Amino acid sequence: MTSMLEYNGYSGSAAYSDADEVFHGRLEFIRDLVTYEGTDAGSLKQAFHAAVDDYLALCAEEGRKPDVPLNALAE
């Protein structure tokens, strides 16, 4: 399993907590803090996609531009 997820121009980390027995991650390369978790790899991927979609929807609702991932600026 790769340690990074990609969706809609955003990257997210993927890690496993043995103590909590959950997969978790956060959107990387942006200033805003956006996290997600799942009980298995499939649910983590779904949660990551939902987190990106929710982040973009929240920014639109608040009338502000979402952070552009810093790694996208380097390309």
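What covers the buried residues of H1? The answer includes strand E1 (4-7), E2, strand E4 (22-28) and strand E5 (35-38). This is a predicted model: local features need pLDDT of at least 70, side-chain atom pairs count only at pLDDT 80 or more, and totals for chains, interfaces and linings use all residues. Residues are numbered from 1 along each chain as its sequence is written, and side-chain values use heavy atoms, with hydrogens and water left out.

**View 1. Helix H1 and its cover.** H1 runs over residues 41-62. Helices (H or I, at least four residues) and strands (E, at least two) are DSSP runs, numbered from the N terminus. Buried in H1 are Ser43, Leu44, Ala47, Phe48, Ala51, Val52, Tyr55 and Cys59. Buried means under 20% relative accessible area, exposed over 50%, partly exposed in between (1.4 Å probe, protein chains only).

**View 2. The two ends of H1.** At the start, a side-chain oxygen of Asp40 comes within 3.2 Å of the backbone nitrogen of Gly42. Gly63 follows H1. The phi of Gly63 is positive, near 70°.

**View 3. Ser11 in strand E2.** Ser11 sits in E2 (residues 10-13). Its relative accessibility is 1%, so Ser11 counts as buried.

**View 4. The Arg31–Asp67 salt bridge.** A salt bridge is a side-chain nitrogen of Lys or Arg within 4 Å of a carboxyl oxygen of Asp or Glu. By this rule there are four. In one of them, the closest N and O atoms of Arg31 and Asp67 are 3.2 Å apart. Arg31 is in the loop between E4 and E5, Asp67 in the loop between H1 and helix H2 (70-73), 36 residues apart. Arg31 is exposed at 76%, whereas Asp67 is buried at 9%.

View 5. Asp32 and Arg64 form a salt bridge (3.2 Å, N to O). Asp32 lies in the loop between E4 and E5 and Arg64 in the loop between H1 and H2, so the pair ties together parts 32 residues apart in sequence. Arg64 also bridges to Glu62 (2.8 Å, N to O). Shared partners join Asp32, Glu62 and Arg64 into one network.

Methods
Expected span 1.5 Å × (residues − 1). Contact = heavy atoms within 4.5 Å. Polar contact = N/O pair within 3.5 Å; in protein donor to acceptor, adjacent residues only side chain to side chain.
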